[in-house]
Amino acid sequence: MSSPVSSRPASLAAAQPVRQGLVSARLLTVIALALLAAVWSFLPDFTVVVLCYIGLYSMVALGLVMLTGVGGMTSFGQAAFVGVGAYATAWVCTSPLAASALGGLLGTQALPWLGLLLGFVITFAVAWVLGSVTVKLQGHYLPLCTIAWGLSLYYLFGNMEFLGGQTGLTGIPAIKIAGLDLSSSRTIGVVIWAVMLQAMWLLHNLLDSREGRAIRSLKGGQIMAESMGVNTARYRIKLFVLAALLATLSGWLYAHMQRFVSPAPFNLNIGIEYLFMAVVGGAGHLWGAVLGAAIITLLKEKLQDILPALLGSNGNFETIVFGLLMVLVLQRFAEGLWPTLQRLTAGLIHRPENKLRAEPRPLDRRVLPAAGTVLLQAEHVIKRFGGLVANNNVSMSLKAGEVHALIGPNGAGKSTFFNMISGVDSPTEGEVQLMGQVMGDAPSRRFAALGLGRTFQHVRLLGQRSVLENVALGAHRRAHKGWIASMLRLDRHEEAALLAEARKQIERCGLGAYADLPAASLALGQQRIVEIARALAGQPAALLLDEPAAGLRHLEKQALADLLRQLRAEGLGILVVEHDMEFVMNLADRITVLEFGCVIATGKPAEIQVNQRVLDAYLGGGDDEEAAA
Ligand code: ADP
Ligand code: MG
């Protein structure tokens, strides 16, 4: 058993305080909800209405937590999706056409449910199309597109004759469940909160799964996520649709609570307010959505009461003060209020780790090719950046059971070549074959699927997540349960296997003591080892390591070399870019030397060490101190 990391840095002691609160977070939640249920029928009507709104807003904000806080995408257009939910059911329930066609067939009681279905169908289609066209563009396009969508839908609601124009639609019936008429806020409020909490539970489960890790990986950048086998475009679209469906559900409940709809509540302003709720509450946390919804609802309520009394009622002062308060909160609590609340109550409330007791189900296994098989073959690869030729006619191969080192002075084109053979970028000319298949423009996830694992020169981990979760992401491709299964906790056996595999790889790399710490709390050299463990969790046949020894101490480098030797003995082919010549010469079976994008030498370490062109390149190049030394 090798152990690249032998000693614990002192700073880690502080990163892992033993927290023993008085009460567990789960118990506290149950108590709070039980209290709410107990006093529900005694609360004043007005309070109940406010709580209904908080529940409805929370649902929309939950979608935004997933989309923005977890997935890193911004939408200003959620109010429009709420509008789709509200108008779809309003139209189905009130239009004589729909009522005569459908009501006669299924009974009028079915109309609200048909309205919900229609809302979901429209939202699904619109969100999918909107997501698909914007997701590939990335950056600001999605937010801009949601603004355009939010604006246009708002005006559409107001201008459609059959949707009642600016006056809207009235006479929407109450929902009936099992003969019970949900016509008062007190009765529909129970449903609103039950639905909202149920949604929260499903989302919580989703985040705590293989699919949740894939969603979080979107924030780690497309290159990293795709290298783990995650189809990032698809996940983005699905996440966008999920958030939109939650907004639609909220709109449906809203319409049947209000019993009428008009365009105003689906304005772009309200879309911005929803985003505020998620961000102020704490966009990375599901409970942050509820906190944000509560704070903003109550704040607006109070401002509307207090400000006219203070400043007179002939200005829109509440909007101005509201805006200023938002700026203040965001400036002071950048991550939102929920994390702050968590920190403040850390001594009182403890959050026990979720224990997973399911029996692991075996993960997919790859049959590794026999030693000597060519895994990766690059032929005459040319890569031009404008006039610069970063890779000039580079050919090389990687075989199972060997360590092949790629060396060369800074700027020689090593990282560019790494991108060519891992699907990050494609060659201008020439060809890359992996496992005998011509790769062309195939994306990184295709390389991962064929058995390529890699690390990055600039570490790409999710710093706030544990080492265990980061490494488990590496095994993403080896399991199959999807979003719905994860939401319903039908993935527990598979999840147990993924976490067990991750822990095994972490221990194998000597980081067992760090598994449950946030990845960012480790030293940089250790984070590189975490990346190796993550690559190994995918059970690769070929492993590409970009400067794995950088930042490691002498003993740690030796342990890393031991680990790589062990992997080689197991039949992996390892391609390593490394500056540390002692490390390379002691480990590599073959070495390829690049200079100005060209291969200037290839051979065994002993041959390379005496090769005059190599010596000239290094001594002449001069910018690689360690090699020159
Ligand atoms: P190495 O990893 O060996 O230090 P790189 O592959 O990073 O070298 O870079 C090789 C050359 O290609 C450098 O001159 C670099 O400036 C250039 N280069 C790398 N990536 C790009 C890019 N995306 N656009 C333009 N030039 C690039
Ligand atoms: Mg480089």
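A residue is called buried when its relative accessible area is under 20%, exposed when it is over 50%, and partly exposed in between, as computed with a 1.4 Å probe and protein chains only. By that criterion Phe 240 is buried, at 2% relative accessibility, and 52% of the 629 residues of the protein are buried as well. This is a predicted model, in which local features need pLDDT of at least 70 and side-chain atom pairs count only at pLDDT 80 or more, while totals for chains, interfaces and linings use all residues. Residues are numbered from 1 along each chain as its sequence is written, chains are lettered from A and ligands numbered from 1 in the order in which they are written, and side-chain values use heavy atoms, with hydrogens and water left out.

**Overall architecture**

- The protein contains 26 helices and 16 strands, where helices (H or I, at least four residues) and strands (E, at least two) are DSSP runs numbered from the N terminus.
- The C-alpha trace spans about 90 × 55 × 50 Å along its principal axes.
- Among contacts (heavy atoms within 4.5 Å) between residues at least 6 apart in sequence, 77% join residues at least 24 apart.
- In helix 15 (residues 337-344), the buried residues are Leu 337, Trp 338, Pro 339 and Thr 340, and their cover includes helix 12 (268-281), helix 13 (286-311) and helix 14 (317-332).

**Aromatic rings**

- The whole structure holds 15 aromatic pairs, defined as rings of Phe, Tyr and Trp (its six-membered ring) with centres within 6.5 Å, where planes under 30 degrees apart count as stacked, over 60 as edge-to-face and the rest as tilted.
- Phe 81 and Phe 240 form an edge-to-face pair, because their ring centres are 6.1 Å apart and their planes lie at 80°.
- Since Phe 81 belongs to helix 4 (residues 78-94) and Phe 240 to helix 11 (residues 232-258), this pair ties together parts that are 159 residues apart in sequence; Phe 81 is buried, with a relative accessible area of 0%.
- Phe 124 and Trp 128 make a stacked pair, at 5.7 Å centre to centre and 20° between the planes, and, being 4 residues apart in helix 6 (residues 111-135), they are separated by about one helical turn.
- Phe 124 is partly exposed at 41% relative accessibility, and Trp 128 is partly exposed at 30%.
- Ring pairs also link Tyr 53, Tyr 57, Tyr 87, Phe 157, Tyr 254, Phe 266 and Tyr 274 into a cluster.

**Salt bridges**

- A search of the whole structure gives 21 salt bridges, each being a side-chain nitrogen of Lys or Arg within 4 Å of a carboxyl oxygen of Asp or Glu.
- Glu 495 and Arg 213 form one of them, with their closest N and O atoms 2.9 Å apart; because Glu 495 lies in helix 20 (residues 492-508) and Arg 213 in helix 9 (residues 210-217), the pair ties together parts that are 282 residues apart in sequence.
- Both Glu 495 and Arg 213 are buried.
- Glu 226 and Arg 445 meet in a salt bridge at 2.8 Å, N to O, and since Glu 226 lies in helix 10 (residues 222-227) and Arg 445 in helix 17 (residues 444-450), the pair ties together parts that are 219 residues apart in sequence.
- Glu 226 is buried at 7% relative accessibility, whereas Arg 445 is partly exposed at 27%.
- Asp 208, Arg 489, Asp 491 and Arg 492 are linked in a network of salt bridges.
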